[in-house]
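The following questions and answers concern the model shown below. They turn to salt bridges and then to the ligand.

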Amino acid sequence: MNSEINSVPIVIDKADKALNISAIIWFLVAVVGQWLFVYYIIVHFGGAVIKTDTESWNDSTISGHVPGDTMGNLIFAMHVFMAAVITFGGTLQLVPQLRKRALALHRWNGRIFIFTAYIMAIGGLYLVWVRGSVLSTNGAWAITLNAVLILTFATLAIRTARARNITAHRKWALRAYLMVNGVWFFRVGFMAWIMINQGPVGSTENLDGPFDLFWSYANFLLPLAVLELYLYTQNRAGARGKYAMAGGLFLLTLLMGLGIVAAFLFMWKPYL
Ligand code: HEM
């Protein structure tokens, strides 16, 4: 009887560990993919500025450099420069050792992250609705929702941090991090889908096929749903639920890994 009671916390303890390990593996794989994205941004967009060949931005974009559109070109340049800052900075915010040993860095990097998130979301809205850098109406509305969620979650993350409500801050910061990485998830998920199907099934050149319609929203809503499930499991589920979540997250990590390799090889490497 006694040993039975004693064994319950041990099982939960192991399940917690499995869940924790699956999250760490997810994060490590995501970091590799996000740093590769940063590398692409710096070399492709930054390199073009150094070589004074901003025309080459257009090799990979809808309307990167438009002759005569100084305002649009400036906002685009700022958008991509900040994309590198926020994607790199976002990964640092999630490293627990940095939070513990260098709290000042976490705080400053956090402020930069939130500020950059605002500028990127608002600048992105300008690029979509004023400049018209968009392939489909559906895509425009989807990324607009993404921008609204970035602005909302970033605000809640900084508010809860200021109120020293660390439990709530952790949740809003994680949500903001995933929303900010929506564009990255878009590319990685899109490439994983193409690899699995051995072709762009349900996708068109203008990104208005059935898969495109689904993925333009799911690229940020699906990671958000997985995070909510993870947070729920972490706090409320029993051992079985935790093992199931750990297994599910591991499978998603494999899929994400496949997408990262494909995005790097076929989307980014050709411009390096
Ligand atoms: C905050 C996270 C964001 C990151 C990291 C990010 C990153 C990027 C990058 C790297 C590009 C260059 C395109 C490429 O070669 O892949 C880009 C372009 C663009 N982004 Fe963002 N972005 C973010 C948020 C947004 C939001 C919220 C919107 C819209 C509301 C948006 C709208 C655009 C548009 C319209 C372009 C130009 C597309 C083109 O001309 O091809 N972005 N973004």
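Q: How many salt bridges does a search of the whole structure find?
A: The model is a predicted one. Among the pairs found are aspartate 69 with arginine 131, at 2.9 Å between the closest N and O atoms, and arginine 175 with glutamate 228, at 2.6 Å. For the whole structure, the search gives a total of 3.

Q: Which residue forms a salt bridge with lysine 242, and in which helix does that partner lie?
A: Lysine 242 belongs to helix α9 (residues 239–268), and the two partners are 226 residues apart. Their side chains meet with an N to O distance of 2.7 Å. The partner is aspartate 16, in helix α1.

Q: Is lysine 242 buried or exposed?
A: The relative accessible area of lysine 242 is 5%. Buried means under 20%, so lysine 242, at 5%, is buried. By contrast, aspartate 16 has 30% and counts as partly exposed; for lysine 242, the class is buried.

Q: Which helix gives the most residues to the shell around the ligand?
A: The ligand is surrounded by 27 residues, of which 18 are nonpolar, 8 polar and 1 charged. Helices α1, α2, α4, α5 and α7 each supply at least two of the shell residues. The most, 6 residues, come from α4.

Technical notes. Residues are numbered from 1 along each chain as its sequence is written. This is a predicted model: local features need pLDDT of at least 70, side-chain atom pairs count only at pLDDT 80 or more; totals for chains, interfaces and linings use all residues. Side-chain values use heavy atoms; hydrogens and water are left out. A residue is near a molecule or strand if one of its heavy atoms lies within 4 Å of it. Helices (H or I, at least four residues) and strands (E, at least two) are DSSP runs, numbered from the N terminus. Ala, Val, Leu, Ile, Met, Phe, Trp, Tyr, Cys and Pro count as nonpolar, Asp, Glu, Lys and Arg as charged, and the others, Gly among them, as polar. A salt bridge is a side-chain nitrogen of Lys or Arg within 4 Å of a carboxyl oxygen of Asp or Glu. Buried means under 20% relative accessible area, exposed over 50%, partly exposed in between (1.4 Å probe, protein chains only).
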